[in-house]
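Here are my notes on the model, as numbered points. Have the structure open while you read.

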Amino acid sequence: MRNVIFIPMALVMMLVTGANAADGVTKGPNGEKPEPARSLTLTADEEASIKAGNYTAALVWHEMSEYTNAVNSGAQDEFKRLGITVVAQTDAGFDAARQKADVETVLAKKPSIILSLPVDPATAASVYDPARAAGVKLAFIDNSPAGYAHDKDYVTIVSDDLFQMGNRAGIAMADALGKKGKLGYIFHDADFYVTNQRDQAFKRTIEQDYPDMKIVAEQGMADTARSEEIAQALVTQHPDLDGIYVTWAEPALSVLAALRAAGNTHTRIVTLDLNEPAALDMVKGGNVAALVADEAYMIGVTAARAAAGSLAGKKTGPFLVVDSIAVTKDTVKEGWKASLNKDVPATIADAIK
Amino acid sequence: MSNADLAAPSLLSRINLQRYVVYIGFLAIFLFFAIVLRDSGFLTVRNLSNIVLQTAPVTIMAIGLVFVMSAGEIDLSIGSIVAVSALAAAVTIGQYGMVAGIIAGLGAGFVIGLINGFLVAYVKLPSFLVTLATLGLFAGVSRSMTDLRSIPVTDSLFTGIFGSGSLFGIPSLIWWTVIAIAIAHIVFRETRFGAHVLATGDNARAAAVCGISVPRIRLAVLTLSGVIAGLAGLLYAGRLQAAKYTLGETDLMTVIAAVIVGGTLLNGGKGSIVGALVGSLMMGMLNNGLILMGLSVSDQMIVRGFIILAAVAVSLREKNR
């Protein structure tokens, strides 16, 4: 679901920045070298200084979704731990003008920190300039306003590791198939940064690391509304596939439906992002073998920690990335918690029993 | 029962409460936030001026919709017109300069409004369906115009006039709001055109019998609404110093709510420009106050929904009496 939400923003990001993960490493939107988010820690002195500061924070989101909820929840928890009060949170509904209004509005509460995901990096400078001028510490998710400089204008960018996600999907597929077999590859056939990088990383992992696994069927998907037709065609033409990679969970459900309709219990599916029906199939021993997800909660924790640290004078690298996790039948509980900081939905918990 | 007791209801009934519902509601919400958020910056000049600035494009769009709804029609396409106009202006300014950009932006609104008007007035299609279709159609056009890209507007004179600058210390958006409201109010209340719009919305057949060209009025209000939405697009582009296909997309419901709360009837025949201004400011104040109250995003939406529902219910009940 996150892919769909991120598509317009990600496209702009790609066009503006040319960020790239296809060469084996995820780089920041301005070509920054990634640093692991977990490497960011605060000393006891820094934490004490932050707690004594009576600081406040505002969360200016691009839109609300399950992903944003997890990021929001991570940020809230970390701010609470550090004695920082969250005074406002907003949802721009992916509208840059509304995000500008939101920034202006929250400034009335004089927050020390603003965490935000810019709707449109190319034009975000005019959105955040009033906050920057007011001396508010800015920390961003996924991208930064064009023209802003790390350290001078903002604290850091926190994102997920796109290459690692595709790579982990490749490894999960290999594990599910015993490192051999024929694969179908359903990729997002559109010029979108997030999905393109993840898809390419999967393909590259299979082609380079697993000589006994072959992608024998490739199918691009430009319109999710047509995913069922595409899945149906692929399954009909290639009934002997051992595994199918699907670019994200929503179209993967169409592939699952097509496999079920064909009575196929053999072909395994690996896809990206957590999704309740797909996870339910996985724990019930169906076709779904693994779901690879990012640690969205940790993105919020890290952004909050970096921004709070800056109030105590701590310097943070320009681009921090969180880990991704391959969630399988055996790790679904832990995976759900690590990604979204939530317990698995009741239906899945019941199926595990 | 004394004479005074008997006099009370008759005095109340003489006061046309309906006319003041939006003002009373506005004042009540203002007082509520002023008390609850007295320490949260709500009453600062900066914050109050932000509310006016942020609602300026919505107010401008609401003006066009008052004319359309008073004539008994609706224009849902304004959300898309804003983006198309802003993008047309931004692209043209980059190539041919400010004047050409303004003409392109307003021209785009004019053409879309004209298409809506023609289909409603002369092909006799319902405005709801026509503008619903053009809303989707031009949302697609705005996306394809620049392949989803944002277009920066770097002409400082344009951004100064349309949103970022000020004159005599007053932000340009406030000038636009005041001037647009003043002109629209005069046209709506004092001219023959305004009277014909109301007559058409009240009873189109009767208006036609009286010699009013109903199709021409319908064409005029929808074209006017298109041009005015185009102006809102220019204001967004000036304020954001950029244009993007998402501009105005989320404003449609806010504009409709502002116009209805402000005393304009959905079925036509009655409208208020000043009421729409107050309705629009009320919507902006609600967004602002609920954020400053520190509510979660979901809670903001729920509370806003309830308040709008209550405001519309009171407003419509009063009118239907």
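1. One cut-off to start with: a residue counts as buried when its relative accessible area is under 20%. Keep in mind that this is a predicted model. Phe140(A) comes out at 0% relative accessibility, so it is buried by that rule. Tyr128(A) is also at 0% and counts as buried too.

2. Those two residues are worth a look as a pair. Tyr128(A) and Phe140(A) make an edge-to-face aromatic pair, with 5.0 Å from centre to centre and 75° between the ring planes. What does the pair tie together? Tyr128(A) sits in helix 5 (residues 124-133) of chain A and Phe140(A) in strand 5 (residues 137-141) of chain A, so the pair links parts that are twelve residues apart in sequence.

3. On aromatics in general, the count over all chains is 15 pairs. In chain A, ring pairs also join Tyr185(A), Phe187(A), Phe202(A) and Tyr245(A) into a cluster.

4. Now the interface. Chain B puts 27 residues into the contact and chain A puts in 31. Together the two chains bury about 2,300 Å², and 59% of that is on carbon and sulfur atoms. Which residues of chain B lose the most area to chain A? They are Leu240(B), Ile291(B) and Val297(B), which together account for 24% of what that side buries.

5. Arg239(B) makes a salt bridge with Glu104(A), and their closest N and O atoms are 2.9 Å apart.

6. Where does the chain B side come from? The elements giving two or more residues to it are helix 3 (45-70), helix 11 (214-240), helix 13 (273-292) and helix 14 (297-320) of chain B. By residue class, that side divides into ten nonpolar, 13 polar and four charged.

7. Last, a residue inside chain B. Met282(B) belongs to helix 13 of chain B. Is Met282(B) buried or exposed? Its relative accessible area is 2%, so Met282(B) is buried. Leaving out residues up to four places away in sequence, Met282(B) touches Val22(B), Gly25(B), Phe26(B), Ile29(B) and Val261(B). Take Ile29(B) from that list: Met282(B) and Ile29(B) are 253 residues apart along the chain, while their C-alpha atoms are separated by 7.8 Å.

Definitions and conventions: Residues are numbered from 1 along each chain as its sequence is written. Chains are lettered from A and ligands numbered from 1 in the order in which they are written. This is a predicted model: local features need pLDDT of at least 70, side-chain atom pairs count only at pLDDT 80 or more; totals for chains, interfaces and linings use all residues. Side-chain values use heavy atoms; hydrogens and water are left out. Contact means heavy atoms within 4.5 Å. Buried area is the accessible area (1.4 Å probe) that two parts lose on being put together, summed over both. A salt bridge is a side-chain nitrogen of Lys or Arg within 4 Å of a carboxyl oxygen of Asp or Glu. Helices (H or I, at least four residues) and strands (E, at least two) are DSSP runs, numbered from the N terminus. Ala, Val, Leu, Ile, Met, Phe, Trp, Tyr, Cys and Pro count as nonpolar, Asp, Glu, Lys and Arg as charged, and the others, Gly among them, as polar. Rings of Phe, Tyr and Trp (its six-membered ring) pair if their centres lie within 6.5 Å; planes under 30 degrees apart count as stacked, over 60 as edge-to-face and the rest as tilted. Buried means under 20% relative accessible area, exposed over 50%, partly exposed in between (1.4 Å probe, protein chains only).
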